[in-house]
Amino acid sequence: MFEHQIIEEVNRYLKDDSYQYAILIDGEWGCGKTYFVKHILLDKIKEFEQKSSKRTAKYISLYGCKTIQDIQEAMVWVFAEEAKNFLAQRTTKHINPIIKNIPKYIKQKTPKNIEPAIGNILSTSKRVLNKVREKFLPDVNVFEFTSDWFLMKDFIFIFDDLERCDCPINELFGFINGLVEHENTKVILIANEKEISMKELNVQKELQYFLVLNDKIEWKKKENSNNYYRTNNINSGKIKISELEDKRKLLFSDEIYDSKYKKIREKLIGITLHYQPNVREICKQLIANTSLDNTLAKELDEHIDIFYNYMNQYSHHNLRTFQFYISKISYLCQRLSELSIDDDYFDAVMSFLIQDCFIWSIEFKSEFKPPTDDWQKIHYDVRPKSTAVKKYVETGEFVYDDFESDINKYINDQLREKLSNNDPVNQLYNGYYYHPQEWCEEQIQSIKDRLSNDKYPFLAYQKIIITLQRLIDIGFSSAYLNEFKSIMLNNINNSKNPVKIDSDLFFVEDKVFKEKILSQLRELNNAIAEKNNLAKEKSIIDILNASNWAHELDNFVSDYRINYDPDGVLFNKAPTNIWIKTITNSNAADIDEFRHILNTLYPTNIIRSKNCLDDLSILKDIGEAIIPENCDDLIIRANLGWLKKQITSILELYQKD
């Protein structure tokens, strides 16, 4: 039922005097029942009661209550508020002297004056009143001034979290039934009913399992090969969990406990209302009720439909998770403001962070397990993720450097590599032929400004070159191309790891035009290759001088995928003497790891292209320089011997080819 339908049913219940019963609002854990009751239903009840009985609705959570006395204790705080208000209304000149002189006031009163108040309150009311007196007015007889307002039927009790109350279900429902039948009180229960129905069963299960394990029980043998009842398993002392549960069910019927609960509830609960939340609206209300700054609140509000889609995707509509998420994203956005992010990318980064944090929150709270199926795993892994955000969501630990690294990686991998439809490059590339020259000149200038600030990924350089060449071919100044290419070369030189520009122009049919573009791209790609070679050479030397050089080298090979790169070489990126010095002075573990790296680069079943000839020449020198006999440590000597044989085998393989 939707909220407005539940409100209508509650109003009908409040004016129904045909017989005494309670109503139950049932819903999944975290679906927003409590939020609905406290922020909407209570106000609607108050509005309804002002027109009729003028009863007061009181919300009481039973979470953690272990006994009926605990429930009464929880009710005390509710009635104490009423007592406080009652006293506040009577602190006039008529009452003040009496309160200040309580002993004298009590002496003047007779039992006859008190009897009407006591007579109107049944046993439950008396216990609650006594607790009020004990807590707040230990020296005052509360009965003397509460007879005009403290009647149970003057209240509407809303008991929440029934499934989290540890009282036995028969005692709990018996207590509530006393309020309903004997004191004519309206009671609304809030719970996830499927959890209540299993409480008694779960309490008894431990004893049942204990009995099942008794070795004096002789279980009936069965011939079914799929059944656990086999001769060699009976009373063997070992039992599987699934077998334990099957045996328990043979001795004890769960239906008995379920029917017992149903019988108890039928006496008390007259109507069950199944709560169906409007998730979108509640999420909007949760955002509006927080102290988030206006900018973030607006961003979250604009993502409501995205949040809802993710909830459907993960089958997790828990609004407590959403509240948890709000607390997390609020802090992350504060830290995001500390990063230096280009204005062009900030909105996209904000959207990424909002969604990434939400997904991690859902996966964490729902105990989501990543897919193991290869196809599903591919789709799951392809989503851009921040491990720093995941760590903060799951543990509360925030590492600024990791967060900054993840955000920068997202910018470089996802934003810089993609051009929006309204980017001047796409605008000019797709529509130069139906705009005036002045408009084209403006777009060229915009592209130049952005290119000068290194705002374009190298993959976009192809489209820029093609666009400029088209304009030059119809009469625009050829100086544009030289000027833009100069800026591109400068950006390449300043980049740490420039990416090769795609030179596959299969979509260009004009051979003359294609050759013009290719000549420009070759010049840019040569600059990129030279830059990368210098970077790799410096990296390899640094790696070989590191204490854990073999591990670092393994990471380098994996990162650059040298074994799959037809132009990839390794050994010629550092002087031969450095290779020899590093290898011959290493421990056994590093030499062993280096042998695995070598096998990855030069497997015995694949012959690489001639690009590796320089590497083989250096590898030959390394093999000749290795003299295992010169090493005193027998383990290192053995590893060097195996390495020398491996190098010899690689060289022989390529010599045969």
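Predicted model: local features only at pLDDT ≥ 70, side-chain atom pairs only at ≥ 80, totals over all residues.
User: Happy to have you here! Is Lys455 buried or exposed?

Analyst: Residues are numbered from 1 along each chain as its sequence is written, and side-chain values use heavy atoms, with hydrogens and water left out. Buried means under 20% relative accessible area, exposed over 50%, and partly exposed in between (1.4 Å probe, protein chains only). Because its relative accessibility is 15%, Lys455 counts as buried.

User: Which residue forms a salt bridge with Lys455, the closest N and O atoms being 2.8 Å apart?

Analyst: A salt bridge here is a side-chain nitrogen of Lys or Arg within 4 Å of a carboxyl oxygen of Asp or Glu. Side chains of opposite charge can pair when their charged atoms come close. With its closest N and O atoms 2.8 Å apart, the partner of Lys455 is Asp342.

User: How many residues apart in sequence are the parts that Asp342 and Lys455 tie together?

Analyst: Helices are DSSP runs (H or I, at least four residues), numbered from the N terminus. Asp342 sits in the loop between α16 (319-336) and α17 (343-365), and Lys455 in the loop between α22 (437-452) and α23 (461-473), so the pair ties together parts that are 113 residues apart.

User: Which residues are linked with Asp342 and Lys455 in a network of salt bridges?

Analyst: Asp342 itself is partly exposed, with a relative accessible area of 25%. The network of salt bridges joins Asp342 and Lys455 with Asp344, Asp423 and Arg450.

User: Which residue meets Lys516 in a salt bridge?

Analyst: Lys516 counts as partly exposed, at 33% relative accessibility. Its N to O distance in the salt bridge is 3.2 Å, and the partner is Asp473.

User: How many residues apart are Lys516 and Asp473?

Analyst: Lys516 belongs to helix α25 (residues 511-544) and Asp473 to helix α23, so to speak of the pair is to speak of a link between distant parts of the chain. Their separation is 43 residues.

User: Where do Asp592 and Arg595 both lie?

Analyst: The side chains of Asp592 and Arg595 meet in a salt bridge (4.0 Å, N to O). An α-helix has 3.6 residues a turn, so residues three or four places apart point the same way. Asp592 and Arg595 are three residues apart, about one turn, and both lie in helix α28.

User: Why are the buried residues on the same side of α28?

Analyst: The buried residues of α28 are Asp590, Ile591, Phe594, Ile597, Leu598 and Leu601. The arc is taken from the directions from the helix axis to the C-beta atoms. They are on the same side because they cover an arc of only 115°.

User: Which residue joins its side chain to Asn312 in a polar contact of 2.6 Å?

Analyst: A polar contact is a pair of N or O atoms within 3.5 Å; within protein, one must be able to donate a hydrogen and the other to accept it, and residues adjacent in sequence count only if both atoms are side-chain atoms. Asn312 lies in helix α15 (residues 304-314). The side chain that it contacts at 2.6 Å is that of His317.

Definitions and conventions. Helix = DSSP H or I, 4+ residues; strand = E, 2+ residues; numbered from the N terminus.
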